[in-house]
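Trainee: I am new to this structure. Please take me closely through one part, the place where the chains meet, and then connect that part to its surroundings.

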Amino acid sequence: MIPKELSIAEFLDWLRDGHSGFEASDQQYLAARELIKRLLESDTEKIFPAAAWSRLLAPVLCSSQTQQSEFYDLFDKWFHKPKLENETAAQNSQRTPAKWNQDRWLYSLAVLTFAIVVGWTIVRILPKPPKHIVVTTTPGSLTTASKNYVELTNVGIRVEFADAPVGYAKLSYDGLTKSSDHDGFIALPKSAPATYLQVTADGFRPAVVPFPKTNGVVVLTRPTPVTLPRADGRWLSTYGTGLRIALMALPSLLFILWLIQRWRRALELRRWESAMEPRMRRLGTPPRKEPLFPTSEIRKLATALRRRRSEESAELDVSGTVEKTCHEYGWFSPVYAKRTSEPEYLFVGERKNLLDQQARLQDELLSRLRDHDVFVQRYYFQSDPSICSDLKGDVYSLNELAVMHPHYELWLALDSGACLEPVSGEPKAWFTPLEQWRERALLSFTQPRTSLGMPVAAPTRRGLESLAGDSPHRVAVKPYPKLLLDHPERWVQRVEPPEANTPQLELQVLLYLGKEGYLLLQACAVYPALAWNITLALAAELLPADQREDVLGKLSSLPWFRHSTMPDWLRVRLLGRLGSNEPRVRLALRNFLDQTKVGTSEKKETLDIVPGKPMQSQGRLALEDHVFLSFASGRRLDKLSVEAPRKWSKFLRDSAYLRISLALLSMAVIWLVLGRMLLELNHWLHAQPGQLVTPEPPSNPFAAELYIVAKALDTTPGRGLSSKSEEPDLILYSRIASDVLGVKNPFPTETSLRLSGRASDQAEIRPGMVVDYRGRLQIVEAVANGKAKLFHSDIWRSPLELNTVYDLSGMAMPPHVALTPPSNNPRSDISAVSGTPANNNGAGTSALPSRSGQVAQSVLSAVISAENGPPVATRVSVASPRLFDDTSKKLSDGVGELQFGMSWTQVNEKLNPQFRDSGYQGLPIAGEFAPTEVRYMWVRLSQIQGTEFANYLSLFKPFQPCMQNGSQSYIVFLFQNDQLIRVSSRFFNDCPDRDQLFKDFVSDLGLRIDFPPDTKGVNFTIGRTNVSWLLGTDPNPDTLDIWKVGSSVPTTDIFNPTESNRHYASPTTSAKPR
Amino acid sequence: MNTPPLPDLENDTQLPPGRPVELPESARSGRNTSQGYLPDPGLLDAFRVMLLLRRPLLITGEPGTGKTQAANYLSWKLGLGEKALRFDAKTTSSARDLFYNYNSIGRFHAAQTREGSQKSVDYIQFTALGTAILRAIPREEVLDALPPGFEHQGPPAQSVVLIDEVDKAPRDFPNDLLNELENMVFHIPELGNRELRAEAKFQPLVILTSNSEKNLPSAFLRRCIFFHIPKPGKEQFARILESRVGGLKATDPLVEDILDLITFARSSDVELNKRPATAELIDFVLVLRSLGVNLDQRIKDIEPTVLASLCTLVKGEGDDKAELLKAWLRTQETS
């Protein structure tokens, strides 16, 4: 496909803006634009294939072979970047085959291990289809509920829907069914025990209401159709899968944390030896803000150097020849024309190595001169000029150069001392061929000891200016350091020369460079290697503009800059004297490094670093020093190190560890995606086709009540819970249920309800069931398509996500208790009734223990609408928790040391005198317990003094006069199967003031009771013990019964809600007023 | 026609004067045509750009890579003649040399002796670019500037001009050409400063070649289109051989060996002062063919013959052709 014109135009703009490093003139860019225009006007599809665009533009924009190849690279980079990167990566890998081979097995092993671990994990967590179905329902045993004295004053309820009466609604009650009339009214029996009534009507949801719900209105609701999820398209719910993903991603997260930790450490640049060829990274350094050589000065110099010079030509000067021939009287006298031409220069300079900074400085100068059309041919030599080479590396002798460039002006850049024999002082042998050039000059910072027959100038711009002038003059430079004149290489050695007078050397260098130049020398010692572009950057930062050129000229002549290395001993010395300038220098250096860029053309200024610390090179000869990028591991950088910019951490991608980590991360991502797909596939394979169903509440009253409570919480506006932590779960439901039903802890033990296996093993999940979802028990609202919808959630959960299912269908409906209207404080009643000590500050001021309690009350209000009912319960509150607690301990499982479950013999042994020794079977049978066989024995209260339990009973004031004076009152011990189940005391008139006795008893227990006028007794539960005081009507005694919860009760007990003795609970049998 | 054998150069017998020995025809004769030239795809694109923009095309590349042939190929391809109008730059060349030469001595002599033509135009000899510009102007418009014997068809015509090895010329040479190349116009002071300007439609197509021995002025480079002919690879060499030499295929054993040998000689494994290029390869193959070697043979089977012919391939001072052949044979054995 042919790139669009716009893209090409953008490419040209990118080339032109200078960031690419490509240089072309405006004329060339205009030509390129014109070419594009013409190409697009023509039939480009046929004539120019896409690949030819670079070949079409290159001829216009390029002027040399180097530029052409650079252009092709840039074009590829612009339009085919990935390919270029791939090639680069391939080249890199080719460059270091050993390194790759060394790491490859490590990569492979790591990736394989990770794949195995992740694969095994996924296989383990992938849910398997159920192999067998286990259905076990174990309803929990309910604690015994009690009831208060109630009085019904209304006899029916009204069933309505949307303010309209619902006819033919059915009321299920105690095995009977009653229908509403056309006004929706259902008559209730006047004497009914507290229980639950279920109201049903066709097309409506069943409603379960507590009885007595007198004079109330039951509002029926229509069932809401449930929108089913698609059978095959739904993703797994977020949380279950998310949990698995989180588990699988944990190793990856740890890796990431490790990498972050690694990256946070400081990076340092330090010089290290390397025993193997390191993989260098080339960084493009920022362009210079201002040219090293002032343009105006260069232009001036170029003008001087390009000044045309006169020379003879082979052409005939016609007019001169005619004139001269005339002068010679017609004798042909040719006159050759003179012509002027620009001089051409041959610069032959010494270059110690490729990084020789003096050679770089000269290159810079020549390059600027070339820019101004001075023709200079450049050749290099190393110590001996007789062998020279050009930029391409082609080698020439001086004689060859003389043949190739005969008319050039020769500039020989070499220290003058190297031109002479050290002993004789005569010019060296290679000096002779130089005489082939008519115009020649020596560029040196030092004057030769003897004349060389050619002018001498400094190898700087000023030196060339003097040569271009009419009268070359000696260059006045400060004296070169004497210590560096002879064998300057010794100062480059790693070990400080023993005989060296380093302080003297420093002084000489300081005098030579000047103060500013010496500062630059010190600054150059900071970076671990000497680099030309760093030298320039520091010069630009530290030196005034007018001094840079001169200082750099002198600085580059020093041996360290010629050899491009500075020994550490010298660096330490120089850095030690930097003083207050050190922060400034380091900041300048960091700013410079911060602007480097990766990936650059050769033409740009570059900086080479080696990412990563070198491998150990024990026993191997170190090849060379390089500047390595490594971690400082949190330690403080020493003087010889430079902190690298943070962004250089990208070079750590070359690290083997990092590559392993990235490989593992990639694998983790792949496995996560794959794992999710497998989970989805698994679910899709086992999904069932869906159908529209309407969720039905459970038929079981208890489960139905839970369902209604959950529904009320789920749908009642303003009654929902906002905080996630207060999301309703079974604990809340059970508390509400206990509030409503009078049941304490409806689920005594989890194991009694727990089904074996996961939810996916269950045969069926039905609405009203309780499930364990993410560790919380919740109620199933609806089931469809094999998925369950929970209250308080719109997401259909797979059975795979539900861990445990509790089936409440077998749970018995607990007996109901009287309820207080919502305006009162139901919590106090509940506490007293259930025997739970409430955290109460006084009568009628108890605070609800929790938010769930408030919700319970709200829901209670929503469910029960008996706003106008009379008080049906006695208000009981705890006045003295401490005494109550002590008492409750004594009465928790018996009376003092008389514990329920003791045999007749054991009980009898506690008595003094004992009951007759008749044996258990000889005891009389209590008829009121029939048909249960309950036997009893009795003693007078006055006869139990001295026993432990008598002491305990004597704590209660009522017992004291009876035990001291009583001749009629007695105490009965009742046994069932030779186990003590009940202790019953009968107080006759020998106990004085039984009314006060009763009140004292209640008071001693710490209970505060507001007795209604017709109070007949009180009943409460402490722990596993029921306590009841039934007031007797004279001559009948008052009866105090203490019995074990759940044990048999006499059929005549008024607190026993059986049909036969219901008349005892009648409010009409009013007790004597107190 | 029977090809005469090579003379025995070692025989002491001297042939009598006037009876020179008959030499075989040059192996290169008839092969240095544009028809067999295989231009680099990049070069073709550069030609296209040149045709669109009508700018001079500067071609660089190693010696022997076909820079000169490229101009002839373009001329031939465009039907402008078998060969381009050629100007060989020299160290003494001046800008005027590219357009015409004026025989001032002859004119002076004629004026002195009153012998010969007294018209200045008769002493003018147009060179490559001058000829091309003259041909790009209708004949009737330049009758006064046409020297005797100048071929002009009458209507304006296009030409391809080759300025070979422009880097040999003095630095002033390209600088002096800037205006002339841009406008395709020049003046002849000897004819009263007669201006000759090519018609826009028929402006000559100028191709310059350079061996990059000298940097050309940037002002000149900016006005040129540039293309560097890359070093041919083995496959390119094979195609060139098939095209230029003919009668052989790259799959022939001898050709395979030759291609291997030249690839080896151009590689960095060998230190040669002068690396063989396309022209040397063609010469080498032509010589081998002339010596009657069979294409089914291997170099190792005809080692002496190959060694004798290697002088066409190895030309650098100090380069040892025998050593090169031995080194290559060693690589063949190891592989």
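Mentor: Two salt bridges are found across the interface of chain A and chain B. Remember that this is a predicted model. One salt bridge pairs B:Asp172 with A:Arg308. Their closest N and O atoms lie 2.8 Å apart. Polar contacts can be counted too. Between chain A and chain B, six residue pairs are in polar contact, with both residues at pLDDT 80 or more.

Now look at the side of chain A that touches chain B. Several elements each supply at least two of its residues: helices H2 (26-41), H4 (52-61), H5 (65-79) and H10 (318-327), plus strands S11 and S12 (336-341), of chain A. H2(A) gives the largest share, seven residues. By class, this side of chain A has 19 nonpolar, 13 polar and ten charged residues.

Next, the extent of the contact. Chain A brings 42 residues to the contact, and chain B brings 30 residues. Interface size is often stated as the accessible area lost when the parts come together. Here the area buried between chain A and chain B is about 3,100 Å². Carbon and sulfur atoms give 55% of that area. On the chain A side, A:Gln27, A:Pro59 and A:Phe375 lose the most area to chain B. Together they make up 17% of what that side buries.

What covers them? An α-helix has 3.6 residues a turn, so residues three or four places apart point the same way. After H3(B) comes B:Arg114. The phi of B:Arg114 is positive, near 60°.

Finally, step back to chain B as a whole. Its secondary structure comes to twelve helices and nine strands. Chain B has 335 residues, and 51% of them count as buried. Take the contacts in chain B between residues at least 6 apart in sequence: 71% of these join residues at least 24 apart. The accessible surface of chain B is about 16,500 Å². Carbon and sulfur atoms account for 48% of that surface.

Conventions:
Residues numbered from 1 in each chain as written. Chains lettered and ligands numbered in written order. Predicted model: local features only at pLDDT ≥ 70, side-chain atom pairs only at ≥ 80, totals over all residues. Heavy atoms only, no water. Helix = DSSP H or I, 4+ residues; strand = E, 2+ residues; numbered from the N terminus. Contact = heavy atoms within 4.5 Å. Buried area = accessible area lost by both parts, 1.4 Å probe. Salt bridge = Lys/Arg side-chain N within 4 Å of Asp/Glu carboxyl O. Polar contact = N/O pair within 3.5 Å; in protein donor to acceptor, adjacent residues only side chain to side chain. Nonpolar A, V, L, I, M, F, W, Y, C, P; charged D, E, K, R; others polar. Buried < 20%, exposed > 50% of the residue type's maximum accessible area, 1.4 Å probe, protein only. Areas by Shrake-Rupley, 256 points an atom, 1.4 Å probe, with all protein chains shown as cover.
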